[in-house]
Amino acid sequence: QEQLVETGGGLVQAGGSLNLSCTPAVIALKRAFRTYAVGWFRRPPGKEREFVGGISRSDTSTFASDSDKGRFTIARDNAEATAYLQMNNLQPEDTAVYYCAVGGVLTSSWRRYANWGRGTQVTVSS
């Protein structure tokens, strides 16, 4: 059993776009989705897990870098219990396994999130 499910990953050429989705896999999380902050993280090959960005309960989004802020959009649809990471102008350095997580507050620290998905692979070719 997994807590969240990420979809939308795949192989894309540099400059392309992907829209990742995250939704709870269990009823308890789905019903309480509107109360959670959602964080997006990624783990590039051979590197540490890093914070990409997230969206708060109040619908305020934040990003870890200015570069990502200019290319990415984070959104949520509480009625659908789904969060999104829209990624445009993808580059090879964006290649990573992307994870979503939910928690009580929006934070860049992955240790603060209790509920995670298993990740979706994003591969960007040059």
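User: Which residues touch the most other members of the largest nonpolar core?

Analyst: This is a predicted model, in which local features need pLDDT of at least 70 and side-chain atom pairs count only at pLDDT 80 or more, while totals for chains, interfaces and linings use all residues. Residues are numbered from 1 along each chain as its sequence is written, and side-chain values use heavy atoms, with hydrogens and water left out. A nonpolar core is a set of buried Ala, Val, Leu, Ile, Met, Phe, Trp, Tyr and Cys residues joined through side-chain atoms within 4.5 Å, where buried means under 20% relative accessible area, exposed over 50% and partly exposed in between, with a 1.4 Å probe and protein chains only. The largest such core has 27 residues, and the members that touch the most others are Trp 40, Leu 85, Met 87 and Tyr 98.

User: Which element gives the most residues to this core?

Analyst: Strands are DSSP runs of E with at least two residues, and helices are runs of H or I with at least four, numbered from the N terminus. Elements that give two or more residues to the core include S3, strand S4 (37–43), strand S7 (72–77) and strand S11 (120–125). With 4 residues, the element that gives the most is S9.

User: Which residues of strand S9 does Cys 100 bring into the picture, and is Cys 100 buried or exposed?

Analyst: Cys 100 itself lies in strand S9. Taking contact as heavy atoms within 4.5 Å, and not counting residues up to four places away in sequence, Cys 100 touches residues including Leu 4, Glu 6, Cys 22 and Trp 40. Because its relative accessibility is 0%, Cys 100 counts as buried.

User: What is the phi of Asn 89?

Analyst: Most residues other than glycine have a negative phi. Asn 89 lies in the loop between strand S8 (82–87) and strand S9 (96–103), and it counts as partly exposed because its relative accessibility is 40%. Although Asn 89 is not a glycine, its phi is positive, at about 50°.
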